[in-house]
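Hello,

Here is the structure I promised to pass on to you. Please have a look at it first, and then read my notes below.

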Amino acid sequence: MQTPPRKDQDSLLRGVRPNIVQSIRAFSAHELQESARNLGHHFLYANLAHAQTRQDILELIALQFTFPAHFGKNFDALYDCLTDPLHKCGPQPGFVVVLEQIPVTPKFDKEVREQLLDVFREAADYWADRKIAFRCFYSFL
């Protein structure tokens with residue numbers, strides 16, 4: 001059952017720092033997508049429920065974020081795709097990223113999950129230096 005959209009989607013992100021990686025908590029992906037649309041920001045979504053390994057995660061993110069075919073499928077390449085090519089495309093309006101159902105498996109343990117989230121934290125810092133909002137929300141499976 002989907003949560004009905006809040007009346008004022010613009011205010012949904014008003015209390016959220018512009019450059020942050022945080023648990024999705026009380027938000028729904030649909031609400032965040034609507035807020036991104038209302039703000040004119042890019043919305044990137046990946047459902048990672050079927051992943052078991054780091055390679056699975058990277059492949060799903062690449063597919064669902066529509067990264068180029070030459071994507072290197074490692075954390076450095078992920079960072080590069082979240083920053084450099086977009087910056088070279090000119091001014092960016094902002095980003096809302098949702099990573100749903102990050103797996104908790106022996107092959108994707110706490111250390112690897114933190115490495116993944118660190119890539120998004122570094123991307124948030126990159127965009128903060130350029131005064132561009134980059135908000136990433138995540139949940140675990």
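Let me start with alanine 51, which counts as buried because its relative accessibility is 1% (buried means under 20% relative accessible area, exposed over 50%, and partly exposed in between, with a 1.4 Å probe and protein chains only). Before I go on, a word on the basis: this is a predicted model, in which local features need pLDDT of at least 70 and side-chain atom pairs count only at pLDDT 80 or more, while totals for chains, interfaces and linings use all residues. Residues are numbered from 1 along each chain as its sequence is written, and side-chain values use heavy atoms, with hydrogens and water left out.

Alanine 51 sits in the loop between strand S2 (42-47) and H3; helices (H or I, at least four residues) and strands (E, at least two) are DSSP runs, numbered from the N terminus. Not counting residues up to four places away in sequence, alanine 51 touches Asp56, Ile57, Leu60 and Pro103, where contact means heavy atoms within 4.5 Å. From C-alpha to C-alpha, alanine 51 is 26 Å from aspartate 84, and 33 residues separate the two in sequence.

Next, the helix pair. Helix H3 (residues 54-64) packs against helix H6 (residues 110-129) at an angle of about 30 degrees, and their axes are 11 Å apart. The axes are lines fitted to C-alpha atoms, for helices over the stretch in contact, and angles run from 0 to 180 degrees between N-to-C directions. That angle makes H3 roughly parallel to H6 (under 35 degrees; over 145 is roughly antiparallel, 65 to 115 roughly perpendicular and the rest oblique). On the H3 side the contact is made by Arg54, Ile57 and Ile61, and on the H6 side by Val112, Gln115, Leu116 and Phe120.

What are the buried residues of helix H4 (residues 75-82)? They are Phe75, Ala77, Leu78, Cys81 and Leu82. Seen down the axis of H4, these buried residues fall within an arc of 160 degrees, so they line one face of the helix; the arc is that of the directions from the helix axis to the C-beta atoms. At the start of H4, a side-chain oxygen of asparagine 74 comes within 3.0 Å of the backbone nitrogen of aspartate 76.

Leaving out residues up to four places away in sequence, threonine 83 touches Ala123, Tyr126 and Trp127.

In strand S3 (residues 95-102) you will find glutamate 100, whose side chain is joined to that of tyrosine 45 by a polar contact of 2.4 Å. A polar contact is a pair of N or O atoms within 3.5 Å; within protein, one must be able to donate a hydrogen and the other to accept it, and residues adjacent in sequence count only if both atoms are side-chain atoms.

Lysine 131, in the loop between H6 and strand S4 (134-140), has a positive phi near 60 degrees and is not a glycine either; lysine 131 is exposed, with a relative accessible area of 73%.

Best wishes
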